[in-house]
Amino acid sequence: MSRFTVPRIAPSEITDEEHFWDRRTWLATMGAAAGALAMQSKRLSAHAPTRQPEAPTPYDTITGYNNYYEFSTDKEAVRELAVNFRTTPWTVSVEGEVKRPKRWDLADLLKGIPVEERTYRHRCVEAWSMVVPWNGVSLAAVIRKLEPTSKAKYVEFTTLHDPAQMPGQRRAILQWPYVEGLRMDEAMHPLALLVTGIYGRPVPAQNGAPLRLVVPWKYGFKGGKSIVKIRFTERQPMTTWALAAPDEYGFYANVNPAVDHPRWSQASERIIGRFGRKATLPFNGYAEQVASLYSGMDLRVNF
Ligand SMILES: Nc1nc2c(c(=O)[nH]1)N[C@H]1C(S)=C(S)[C@@H](COP(=O)(O)O)O[C@H]1N2
Ligand SMILES: [Mo]
């Protein structure tokens, strides 16, 4: 099997986090133009949003404070426990309502799809947030390549199950393997990403190497890590957190300051690596781009 190398930008293009801000424009909240993202990033910078850009969280913080229960429920222990995680070779099995079910080598799955840079706000349901410069491919582009059938209404993402490598899986803290899911129109939204990198470096194991989902208008738990299976379904998939605590973690999980978690408020958030709190925005600040996906839905019921 071929050794998978994470698509990367040229070394000359890699900036350290201190210089990152000088060279980049804020790509996360480009309003109506979101669909065009990376290809037009130069041109769009002339139309930069009026909102104050938020500085990206330092690399060390993003990669040292992780929810990844397959390794540990202690966020600061995951990095150390994941150092030897093997990501090569890596295959992704594509199943269900799709033209050609197939087990893809990761490199082949992503082949021909440009790796983009998207700095997104990242909001955990535990009321903390970060700002992460991700590198990844448009999930919509991957789905178009896979050609789901007309019956496909949802897409399900499954994380690796390997208790030998993942000590957290030796205990039944959650039902393994970890599963997440999106409605097809959510998955096709141009903001949804399959992430392969952070700050221009390959995504580390603790953040979901070699391939993880990122859906910036939803709570972080929708972003399944280390994905080995993508399955298209007619029915709404049963997802790990909804199964573990249906009253606390719904299928939709859109960031919503008006709907509190049963055990705490969602009105504000602690910014990891900084002092103080800030008000949480509807859809994590991406309402302009995504609110129409939910028109006619009661988001208090569909939380
Ligand atoms: N497989 C798997 N994916 C997961 C989780 C997990 O425990 N296992 N935690 C989720 C939660 S609650 C959050 S907030 C994000 C954290 O991603 P990060 O470590 O890159 O910040 O990953 C999500 N994806
Ligand atoms: Mo989370």
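**The ligand and its pocket**

Tutor: Ligand 1 sits in the second largest pocket. Sitting there requires that more than half of its atoms lie within 2 Å of the pocket's grid points. This is a predicted model, where local features need pLDDT of at least 70, side-chain atom pairs count only at pLDDT 80 or more, and totals for chains, interfaces and linings use all residues. Residues are numbered from 1 along each chain as its sequence is written, chains are lettered from A and ligands numbered from 1 in the order in which they are written, and side-chain values use heavy atoms, with hydrogens and water left out.

Student: What is the volume of the second largest pocket, and which residues are the closest to its centre?

Tutor: On a 1 Å grid over the protein atoms alone, a pocket is an open set of points with protein on both sides within 12 Å along at least five of seven lines, whereas a cavity is a set where a 1.4 Å probe fits but cannot get out; lining residues have an atom within 4 Å of a point. Points are joined across faces, edges and corners, and a volume is the space filled by probe spheres set on them. Here the pocket's volume is about 440 Å³. Its lining has 28 residues, with N67, Y68, Y178, G220 and F221 the closest to the centre. Strand β4 (residues 128-138) supplies the largest share, three residues. Strands (E, at least two residues) and helices (H or I, at least four) are DSSP runs numbered from the N terminus.

Student: Which residues are the closest to ligand 1?

Tutor: A residue counts as near if one of its heavy atoms lies within 4 Å of the molecule. Ligand 1 is surrounded by 18 residues, and Y69, E70, H122, G223 and K225 are the closest.

Student: How many cavities of 30 Å³ or more does a search of the whole structure find?

Tutor: There are two. Of its 15 lining residues, H122, V214, V215, K218 and G220 are the closest to its centre. Elements giving two or more residues to this lining are β3 (116-123) and β9 (212-214).

**Backbone**

Student: Which peptide bonds are cis?

Tutor: Most peptide bonds are trans, and most residues other than glycine have a negative phi. The bond from T88 to P89 is cis, with omega near -10°, and P89 is found in the loop between α4 (78-81) and β1 (91-96). From W176 to P177 the bond is also cis, with omega near -5°; P177 is in the loop between β5 (154-159) and β6 (179-183).

Student: Where is S226 found?

Tutor: S226 is in the loop between β9 and β10 (227-233). Although not a glycine, S226 has a positive phi of about 40°.
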